There are 2 protein chains.
Amino acid sequence: MQGVLQTYKASVFQALGHPTRIAIIEALREGELSAGAIQEKLSIEQANLSQHLAILRSRQLVTNRKEGNQVFYSLRNPVLTEVLDIMRRYFQAHLADSIQMLGEIEAEQKTR
Amino acid sequence: MQGVLQTYKASVFQALGHPTRIAIIEALREGELSAGAIQEKLSIEQANLSQHLAILRSRQLVTNRKEGNQVFYSLRNPVLTEVLDIMRRYFQAHLADSIQMLGEIEAEQKTR
DNA sequence: TGCGCATATTCGCGTTATCGAATATAATCA
DNA sequence: TGATTATATTCGATAACGCGAATATGCGCA
C-alpha cells in the first residue's frame, strides 16, 4: 500500500472518475445550482444524483447551502475547473489516440 | 448516461484514482524507468504492477519502449505532472479539511 | 535448442461502486 | 396538523475493481 498522501490524491481523482460526476462539475462551472436544477440538466434519477453529490461532498469538491426547501451546490475551488481545462488541452494534444479511445468506449457502451 | 466526452474524461481520472497508480506516475516524473525499477521503488507484487501499468497504458497516460529484456515506461505528456502539481496546490488550499479527510482515510485503513 | 530473466496475462475471489426502488427527513404551505 | 415538495439515505442486486497465484510470452545467452 502506498502513502496516505497518495491515497488522498487518488481519492480526489476517483471522485472525478465517473461521467455523471464530471457532468455535475461542468454544470456547476457557471455558478451554483440547486440539486433539482442539476437533476433536470442531466436528466438522471433523483436518488442517483444525490448519491453522486454525496461523493463529491465527501471529497470536499463541492459545498452546499441550504435555502428553505432546496439545497444549492457549488464548486469548492476553481482549481477543479482549472484541472478540467488542462484535461481539455491534454485531450486535444492526444486527439488522434483519443479518438480511437472514444471509439472503444462507444463500442463498449453499445455492447451493454 | 452522460456524453462520450465526459466518459472519456472520467476514464482518465479514473485511471488516476488509485494510490499505486499515483505512485507510479510520481515515480516517472524524473524520467523513464523500467518496470522492474518501478516495482522495486514501490515494492509491490510484479503482477500487480503490471496490471496497473496496463491500465495506464490503456488510458494512454504512459508509453513504453522495449529494450531487450526489459520495458521502459515514461509519462506520455507533461500535462499529467502539471495536474498533479495543481492538485498539490489544491491540497494546500484545503489543508484543514484535507487533514481531517486524511484522518478518515487512515481510520478506514486501520479497520480493514 | 533450451534455460533463465523480465514482463504480461489469466483466473478466482473478496471488496467496492453503481443503480433504481423504496423509504426517510425536513421545510413549506394550506 | 396534514399534504406536498425537495433532497437524502437505505437496501438489494449486478457490475467493476484489485489482488495474489499461477501461467504465458518474449528475449538473450550458453
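The model is predicted: local features need pLDDT of at least 70 and side-chain atom pairs count only at pLDDT 80 or more, while totals for chains, interfaces and linings use all residues. Residues are numbered from 1 along each chain as its sequence is written, and chains are lettered from A and ligands numbered from 1 in the order in which they are written.

**Chain A**

Select chain A and colour by secondary structure. Helices (H or I, at least four residues) and strands (E, at least two) are DSSP runs, numbered from the N terminus. Of its 112 residues, 26% are buried, that is, with 20 or more other C-beta atoms within 10 Å of their own, C-beta atoms being placed from the backbone. Among contacts (C-beta atoms, placed from the backbone, within 7 Å) with a separation of 6 or more in chain A, 51% join residues 24 or more positions apart.

Next, display DNA strand D with the 21 residues around it; a residue is near if its C-beta atom, placed from the backbone, lies within 6 Å. G36(A), A47(A), S50(A), Q70(A) and N48(B) come nearest. Two or more residues each are supplied by α3 (35-42), α4 (46-58) and β3 (70-75) of chain A, and by α4 (46-58) of chain B. α4(A) gives the most, with six residues. By class, the surface holds six nonpolar residues, 14 polar and one charged. Here Ala, Val, Leu, Ile, Met, Phe, Trp, Tyr, Cys and Pro count as nonpolar, Asp, Glu, Lys and Arg as charged, and the others, Gly among them, as polar.

**Helix α5 against helix α5**

Now select residues 79-93 in chains A and B. The two α5 helices pack at an angle of about 180°, with axes 10 Å apart; axes are lines fitted to C-alpha atoms over the stretch in contact, and angles run from 0 to 180 degrees between N-to-C directions. α5(A) is therefore roughly antiparallel to α5(B), a term for angles over 145 degrees.

Finally, select the strands of chain B. They form an open three-stranded sheet ordered β1-β3-β2, with antiparallel pairing; strands pair if DSSP finds at least two bridges between them. β1 (33-34) and β2 (62-67) stand at the edges, each with a single partner strand, so one side of each lacks a neighbour in the sheet. Two bridges join β1(B) to β3(B), residues 70-75, and S34(B) stands opposite F72(B).

Key: A residue is buried if 20 or more other C-beta atoms lie within 10 Å of its own, exposed if 12 or fewer, and partly exposed in between; C-beta atoms are placed from the backbone. Two residues are in contact if their C-beta atoms, placed from the backbone, lie within 7 Å. Angles under 35 degrees count as roughly parallel, over 145 as roughly antiparallel, 65 to 115 as roughly perpendicular and the rest as oblique.
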